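Student: I would like to go through this model term by term. Please set each value against its cut-off.

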Amino acid sequence: MRQQTVWPGVRGGAAIGAALGTLAAFLGEIRAPEGLLLLLIVAGALAGAFAVGRRILSVGAGGLALLLSLCLLTPVSRGPLNALVLAQLPQQADAIVILGGGVQCGTRTLEGSSQARLLAGLELWRAGFAPVVTVSEQSDVFSATCPKMSDIEREIIRALYPQGGPEVLTLTSVTTTRDEAARVRELAGQRNWTRILLVTSPSHSRRAAGIFAAQGLNVVSVPAPETRFDYTLPLPSDRLRAVQVVLYEWLSRAKQSVGGTPER
């Protein structure tokens, strides 16, 4: 009889743990979702074996489901999302700094955010706002076998402008936005730059501008268009992506505030 009572709770707890792991991997952009998912499944199964644990799981999962439903059914995330954005009019500058987004290692192509940032930066160059653009070379912290984002971006620039393209400088071996800011500070000192145009995703723009300003750089934030979702949040799918980026940015700020390294 005891086993008949315990095993349904164990199975239910494991199911809740799996659901929470999947949600955490998506919303928080966790870099190792397999390990986290396994940990939450095991923790949920253990909690489900006890009456108190089952109640905590049920209440917690129910409350989270209600909160997520509110975010999916209404554009309540619009305010927190807009608070992440710093969009300024472009000005004449010395360089256009295109922050790295991501690269798909298997297909050896840029992620959508990287592509949008690169094209937005090149538009500023074509408009004559600065003669130099920078691209970022990711470090080997996360993958030593992944193609370098800077190499792919240089290939795209050469294909678009076989002759007469911009001067392209590479920010080498960067892991975070703070690394990119440090590399730009060095270039600014060497080349006497007085102003840069900073190009990144809208949700990253305010935090990135703050990190660059903390390095003593005169920054004008000119975000690229958002390609992952519609910023007006008309659909539940757009709202889910908005929850993802808001949570990611909040977690990055929390990590930075306690002395951790900010994420990309």
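Predicted model: local features only at pLDDT ≥ 70, side-chain atom pairs only at ≥ 80, totals over all residues.

Tutor: Residues are numbered from 1 along each chain as its sequence is written, and side-chain values use heavy atoms, with hydrogens and water left out.

Student: How many helices and strands does the protein have?

Tutor: The protein has 9 helices and 7 strands. These are DSSP runs numbered from the N terminus: helices are H or I with at least four residues, strands are E with at least two.

Student: What share of the residues is buried?

Tutor: Buried residues make up 43% of the 264 residues. Buried means under 20% relative accessible area, exposed means over 50%, and partly exposed is in between (1.4 Å probe, protein chains only).

Student: What fraction of contacts joins residues at least 24 apart?

Tutor: It is 72%, taken among contacts between residues at least 6 apart in sequence. Contact means heavy atoms within 4.5 Å.

Student: Why are α7 and α8 called oblique to each other?

Tutor: The axes of α7 (residues 177-191) and α8 (residues 202-214) cross at roughly 45 degrees and come within 9 Å. Axes are lines fitted to C-alpha atoms, for helices over the stretch in contact, and angles run from 0 to 180 degrees between N-to-C directions. Under 35 degrees counts as roughly parallel, over 145 as roughly antiparallel, 65 to 115 as roughly perpendicular, and the rest as oblique. The pair α7 and α8 is therefore oblique.

Student: Which residues make that contact, and of what class are they?

Tutor: From α7 come T177, R178, E180, A181 and V184, and from α8 come H204, A208, I211 and F212. By class there are 5 nonpolar, 2 polar and 2 charged residues. Ala, Val, Leu, Ile, Met, Phe, Trp, Tyr, Cys and Pro count as nonpolar, Asp, Glu, Lys and Arg as charged, and the others, Gly among them, as polar.

Student: What makes C105 and C146 a disulfide?

Tutor: Their S to S distance is 2.0 Å. The cut-off is a pair of cysteine sulfur atoms within 2.5 Å. A search of the whole structure finds 1 disulfide. The link of C105 and C146 is left-handed, with -100 degrees about the S-S bond.

Student: Where in the chain do C105 and C146 sit?

Tutor: C105 is in the loop between β2 (103-104) and β3 (109-110), and C146 is in the loop between β4 (132-138) and α6 (149-160). The two are 41 residues apart, so the pair links distant parts of the chain.

Student: Why does L20 count as partly exposed?

Tutor: Its relative accessibility is 31%, so L20 counts as partly exposed. L20 lies in helix α1 (residues 2-27). L20 touches L40 and L64, leaving aside residues up to four places away in sequence.

Student: Why are R108 and N192 called exposed?

Tutor: R108 has 53% relative accessibility, so R108 counts as exposed. N192 is exposed because its relative accessible area is 61%.
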